[in-house]
Every structure is written in structure tokens, then in C-alpha cells.
Amino acid sequence: MMIVYIQRIVFHVMIASCFCSSLHLEAQQVADTSVVQTKRSGLDSTVTYSSRDSTAFSLKKRTMLLKGDAEISLKQQKLNAESIEIDFNGSIVKAEGVQDSINGNIGYPRFEDNGEEFTGKTILFNLETRKGTITLGESKADEGGYYYGAKVKKDADNTLFIQNGCYTTCTKPHPHFYFGASKMKVVTNDRVFMENISFVVEDVPIITLPLGIYVPNKTGRTSGLLFNIPFVSTADGIVAQNLGYFWAINDYMDAQFTADIFSKTGYLLRNVWRYAVQNNVNGSLSIEYGRRRPDAQSEYVNSWRIIGNHQQTINPQSRITATFNIATSTFINRFAGELSDRLTQSLFSNAGYSSSFDNGTTLGIDVAATQNIVTKEYSVNPNITYNVPTFFPLKSLTNGHSWLNDIGISYFVRGAFSHNSVRSITNRIPGNPLLSDTIFQERNSSVIRHNPSISISPKLGYFSLTPSISYSENWYFRSLTRSVNQIDSTITESVEMSALPMRETQFQASLGIGTRLFGLIKPRMFGINALRHTFSPTLSISYVPEYTARNSNNIRTYRDLRSNRDVEYSRFELDGGRGANRGSTFVNYSLSNRFEAKLKQSDTADRNAELLQFDVSGSYAMALDSLNWNAITMAFRTPSIGMFNLNGNAGFTLYDEEKNSFGVMSPINALLLERGKGLARLIYASVNITAQFASGTMSLGSEIDDSSSSQQWSYIGDRFTARTIDERDNVDYFGERGKGGRPLQFPWSMSTSVTYYYGEPIKGMINRRFDARANIDVRLTSTLNIRSSFSYDVINAMIVAPSISIIKDLDCWELSANWYPTGFNQGFIIRFAAKASQLRDLQLIKRNLPIFR
């Protein structure tokens, strides 16, 4: 026998028909790596191995022993351990850990095979057949979690046979819970077979089933049954929700068929389809149908709902999107579980195509629909739009400094059609509102709207001019004519259709001028190096010409014999045509004030801080014969100064009020200043304060580092090593090794807002609202949180919509309790569930909300 001890030497060993017929040894001081190419016993591969301490060959026994961080690699297989022995007679590899100087085990073997990882106390593996056994083996599951057992046998196709096997998603070396089985068979990317199953918590069996089952074990989506734990409701009886089947059709589509069963009140059937093709097409379709009654004595009501969405990218410049939501009014009332869903009154749907072109123009085609589930009214509105973005036609014809360069032109056209179903209530017997009929009238309208615009912003010294000219033209294809029946004074309507468009035009113009003034002082005290005030006054005039029967054929009149007056109307009224107006000319003013500070910093440049924004605005109507001054509005805001944010607004009227002929106070054309009642009267004011508070700790001592309690394992070898050490023997039951009293600490955060509103549009008619809202989050321990939110109506001394939540993190489990003390959704929910997504159905829920009673 010849034994060779080599360190840091590269070997090339050629094994022919006889192991020792030829041996070539080449020593190099390069790396502690060796390559063995074998052709005996059917093994025709290159084995690469290395070790830190020693490599020992036995030519007689045809074995090799590697010690110290040993590693061997063969194709996609790699084995690491403190000690590895290779028997070339049968291509057997044995790997195990060793004891260190303090009788602790180190270097447990870790085996990787085609992406799978195994570890254990001892590993025996056949390099030729790719079969092996692992003592106290452990492996990661495909979808998360760990498999381990007393003995693991690995077949050539990566099938595992586990004796006294366990499965858990807990990351702790000594898991808080696991599913145990006397025998387990794990088929990679297929399923797991288990026999004599037990659910164990803290090493105590909770449930044992003396039978065999199997569960899917595939990565990604897999077909299978869906199941939830039923619960009991006073009104609905036994409730089982989301029972059904998930069907993974292929890589691009899946479907889900589920049912909600209420033993006393009905059922709900649900079918959901999903599809996705790369990043170009994706969407979903949900169809729901149910029969339910409010109680056991009532009749069943049929309900349904269809929800879907579709997104498709045709090319980088074209896209199709669609969302739709259609339902019966009874569906929301019978099956909606969330409070926000139960308050829904309208459903919206939309489908559209959009495309942009190389010249910047865009084309859009869409259809929007709205459904009122309370009144049963609906509308469908298809549209087509084309937009030409702003371009500057004179920019290339003038020099670079001419104001003509700033003349911009844009154009927008929209063709719209609308179909509406409008509800009206008519009395069967005139004068008797108790006998009435509900009638739905179908109304259609269509229009083509053109909106060209011209914009320019020239500068005159320190002033900026902003002229604006707006022109719009609408095309209609029918006109309305009203006439009065001289006999009974009734009004009749006639509609005239036209193949050619009938035009309606609108023109308006405005001119604005503005500038900016700056004021600066440098106090250089209290850390303030400079204060700046920016004053930005603007003045503008806007003009809208008169649009009446006197200057437009689109406005017509008829004589109402009942009121004995002339009535003007638009002949395009059925399609949304503009009504008559007397024209208007407004002078608008705005005074903007911005206050900023430059704060001194110790070791960096000064920091700019905005202190206050304060604006005043109003307008004067030149065309009116009275009440020309509109309300003066004021608004202010402070940016976030520390934890606070303050903003508010107010409105003032300049006119006095008197009682009219009906005894009601109304504005008169007399200024308060003229009557000695001051300059203005407050008609509304609102102030809002928001604040964010947070405390790293509110403690009586230093904060404790709990990072050790959330230790993560980079790979299962570390976790296995920790699991083999019985740390329970080191528990300090009597506190003899404790650090003494722990500091009291409660990290917390709170967001609050306070809003006060005062309104007095007419003197003596006062409306007040004073609300306070708060969201509070208190962390009592590293695993226990208390959250609360509520609103308080100060004027009515009433708490509105309070809720309190307690969340306990149990490492691999979570316990939560939500309580709604008052209000529409009064009740509670208690939930105890596994945190792992693959065990999301492993939960216990107790509910006492109105929908579940």
C-alpha cells in the first residue's frame, strides 16, 4: 500500500483498465485543486476536488480521503464537507462532519445537484447512479420552506424518500410548527406523498390523520383544489367561501372556478380567467352569478357581475386598454363584503385605443360607460380624438431674439356620441304622488368639437404679457325648433336632421400682465442669514362676446304664454349646444406673496427654507349693471416646518344684504364701506393643520437590540448546524445570567389633522364644522403592535368611524384583531394565520361584522 500526503499540488490521474497501471504525478505550487478523469465502471467524467488540510491516496484500496473544507465537483453536482472519502471501486462518496477540539461538530456535508441543495449529518452518494442516502437530511422546498427527516434517500431522478419526514416554513432551527409524516415521498416539480400525517406545534401533535395524501410540489402555478375553513354566521348559517379549483392551463393562461356557499341564504359562483403573453398582452375576466336572500323567510334574488381588464401593446406607439365593471344593483347589496364596496352607487367601464405618430400628433378612440346601480340609469359615450401639440410656425422664419418665436399654435378635435337612459317619474293620477310610474327615456346626442388655440408670452422690460385667443367650433347634425300652441299654451318640439354639419362658434380673448418684485434683508441673527419676500402681482382682462338671438341664428326664441315672456334656447340644445349669454368682461387680479429664509448651517452651505405662501385674488365684472365685485379670496400655506403643515383659505364679500320681498336676506348693490359697516364681511374660512409625530423610543433606558431574534440563514447548512445543537439545554430558566431589568420602550408614530370650517354666505346663516383625525401606531414590543384610527366631531362631540387593531408577530404566524366599536361596520375580526404565502389558507378567522352575522 502506498499512501501519499500532498498539500497545494495539482494532480492529473489517468485511470485506465487497471487503477495502478499508470500514474503520472506533476507537482505545481498553484492551487489546492485536483482533477481526476475516470473511465472505469461506466464513469466517464472529470471529477474536480480540493481540500485545505490533506489529500490521501490509497492505490491498493483505490480510495481517496480529503480533509479540511473538502470539495468535489462532477458535472452539475458539488459536495462540500469537512471530510470526504471516495471509493473508486463502486464510485461511492462518503461525506461527514468531524468533531473539533471542544467536542463540537463542524463541517456538516452540503450537496448541490442541478440547483437542489441537501445537507445532513452523513451523506453517501454514488457518482455513477446518482443515488444516495442522507442521515438527518434536510432540503429546501421549491416554493419555500424546508423538508427534513431521520433518513433521506435520493433517487437518480431527484425523488426523495424521507423516513419520519417533516415540512415547515418556519426559519428557526427548532421550528415552531411543522407537518410530520412517518413516510414521505417528494417528487421534484410534481407532488409530495405523505403517510400518517401530523400537525405539530412546539413539538406537541395537534392533529393526526392516519391516512395518506399528496399535495402539489411544482414551481410557479399548479392546478389543484382550493379550500378555506368554513365559519358559522347567525344569519347565513354555515359559510364556506372560495371553494373550488384552480386550473393552470398553460404558461399564458389560467382559470379559477370557486363558489361561496351560505347554508341558509344562498350561494355565489365565480369564474376568473387570466392571460398574459410576454409583456405585450395581459388581462383578466371575472364572471359571477349568485342567488341570495337576506334571511330564511325571504325570496331568493338572482344577481350577477362581470369585471375585466385588457392591456395590449401593439407597437411602441400604439396601445389598447380596456376595463369594464357591469353588475346588477342587487349584487352589491347581497354579496359585497367591504364597507367601501357596499357604499358603491356607480360602476364605470372604459375601452380605448391610442396611437402617437412621429410628428408628435396623437390619435385616440375610446368608449366610456357609466351605470348607476341605484337609479338603474346608464350612459354609453364613444369618442374619437386627434391632437396636434403646440408648434411654433414662425421660429424658423425669424431671428433668435424676436418675440414672434414664442407664437405657438395647437389644435384638438373630438368627435363624441352619447347614448343615455334617463329615469323620470310620472304620476298615474295628476296630483297624487303615491300613484306613479317610472319611465326610462333613451336619449342620443352627437357633436364634433374643434379647438384651435394660439398662445404667446412676450416680455416688455420687467413685465410679462400673456395674450390668449381662444376659438372653438362645434358641428351638429340636427337642430331643434320649439313652437307654442296658441290654444292650450303647450310647447311642441320638432327636430330637423342634416347630412351636412351645422356650425356653432365661440370666441374669447384675454390679456394678462405680471411682474415680480423682491425684498431682501440680512438680519444675521438666530441662525437666519437672510430673509426674502417675493411679490408677484398679475392683472388680466378677459372678454366673452354676447351670444343671443340678436347676433346669432343658433339662438332662437318663443313666447311662453303662461309666463308671458320670451324664452331663448339653443337650436343645438339636444346635443349640448351653448345656451344664450349676454357676454362678459372681467378684470382679474392676483397678489402672490412668498416669504423665504436662508438658514445658517455649521459645516455646509446655507439652507433655503420656504416660510409662508400668501395669495389674494378677485375679479370685477364690467358687463354687469350691479354687484360687479366678486368675492375676494385669500389662501395661505406653510410648508412642512418640522412636523407641522398649516394651510387655509377665506372669502370676503364687499356688499351689504337686506331682506327681499320673500323675507330672505340677499345681497344688494350697496358696498359695506358706503354704509359704514367696514370694508368686507367674512363669508367662509377654513384652516387645516396636519402633523406627523414619531419617536424612535419613549424609554427609561437605552434601546435594546433585538436583531438576534430575527436571524436569517444564508443557506440550509448554517440552519442545519444550528438545529443539531440542543440550545434548550442552555436556557437561563432562573435568570442567573440575565442582564437585569430591561428598559421600558414604546416606539410610536402618529399622524393627525385638525380641520375647522366656518361658513356664512348669507348673514345669519352660519355653518360650522370642526373635525380632528388621528392615526396612531404603538410598538409595545418587537413583535406586538397596536394601531388605531378615528375621527372626532368636536361640534357634535361624537367619535366617527373608530377602529383599533392589535397585531402580534409570532415569527412564522401572525395573530391580528380588528375592532370597530361604532358605526355602520360595527364588529370585530380575529385572525390567526401562517405568514408563508404557500400556507395562506392555513388560518382561523372569527368575524362579527354586519355582513357576516
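A residue counts as buried when its relative accessible area is under 20%, as exposed when that area is over 50%, and as partly exposed in between. These words are used throughout for a predicted model. By this rule E568 is partly exposed, because its relative accessible area is 26%.

The overall make-up of the chain comes next. The chain has three helices and 55 strands. It holds 853 residues, and 32% of them count as buried. The accessible surface comes to about 50400 Å². Carbon and sulfur atoms account for 56% of that surface. Contacts across the sequence were also examined. Among contacts between residues at least 6 apart in sequence, 47% join residues at least 24 apart.

Salt bridges were then counted. The total comes to 29. One of them joins R582 to E568, and their closest N and O atoms are 3.2 Å apart. R582 lies in the loop between β41 (565-570) and β42 (584-599), whereas E568 lies in strand β41, so the pair ties together parts that are 14 residues apart in sequence. The partners can also be described by their accessibility. R582 is exposed, with a relative accessible area of 57%. E568, at 26%, is partly exposed.

Another salt bridge links the side chains of K677 and D656, with an N to O distance of 2.9 Å. K677 sits in the loop between β47 (665-671) and β48 (681-695), and D656 sits in strand β46 (residues 655-659), so this pair ties together parts that are 21 residues apart in sequence. D656 has a relative accessibility of 6% and therefore counts as buried.

The partner of E658 is R675, and the closest N and O atoms of the two are 2.9 Å apart. Relative accessibility is 35% for E658, which counts as partly exposed. R675 also counts as partly exposed, at 39%.

Some charged residues form a network. R532, R594, E596, E610 and R637 are linked in this way by salt bridges. E610 is placed in strand β43 (residues 607-621). The side chain of E610 makes a polar contact with the side chain of R594 at 3.4 Å. It makes another with the side chain of R637, also listed at 3.4 Å. With neighbours within four places in sequence left aside, E610 is in contact with R594, F595, E596, R637 and P639.

Strand pairing was followed around β11. Strand β7 (residues 77-87) pairs with strand β11 (residues 110-113) in the antiparallel sense, over four bridges. K78 has E112 as its bridge partner in β11. Strand β11 also pairs with strand β12 (residues 116-119), again antiparallel and over four bridges. Here the bridge partner of E112 is E117, in β12. The hairpin of β11 and β12 has two residues between the strands. In this hairpin N114 takes a positive phi near 55 degrees.

R423 is partly exposed, with a relative accessible area of 35%. R423 and T438 are 15 residues apart in sequence. In space their C-alpha atoms are 6.8 Å apart. Apart from neighbours within four places in sequence, R423 is in contact with T375, E377, T438, I439 and F440.

The surface also carries a nonpolar patch. V204, I206, I207, L209, L211, I213 and V215 form it, and together they have about 560 Å² of accessible area. I207, one of these residues, lies in strand β21 (residues 204-217). At 48% relative accessibility, I207 counts as partly exposed. In a regular strand the side chains alternate between the two faces of the sheet.

Methods. Residues are numbered from 1 along each chain as its sequence is written. This is a predicted model: local features need pLDDT of at least 70, side-chain atom pairs count only at pLDDT 80 or more; totals for chains, interfaces and linings use all residues. Side-chain values use heavy atoms; hydrogens and water are left out. Patches are made of residues with over 30% relative accessible area and no salt bridge: like charges are joined within 9 Å, nonpolar side chains (Val, Leu, Ile, Met, Phe, Trp, Tyr) within 5 Å. Accessible areas come from the Shrake-Rupley method with a 1.4 Å probe; for residues, only the protein chains shown count as cover. A salt bridge is a side-chain nitrogen of Lys or Arg within 4 Å of a carboxyl oxygen of Asp or Glu. Buried means under 20% relative accessible area, exposed over 50%, partly exposed in between (1.4 Å probe, protein chains only). Two strands pair if DSSP finds at least two bridges between them. A polar contact is a pair of N or O atoms within 3.5 Å; within protein, one must be able to donate a hydrogen and the other to accept it, and residues adjacent in sequence count only if both atoms are side-chain atoms. Contact means heavy atoms within 4.5 Å.
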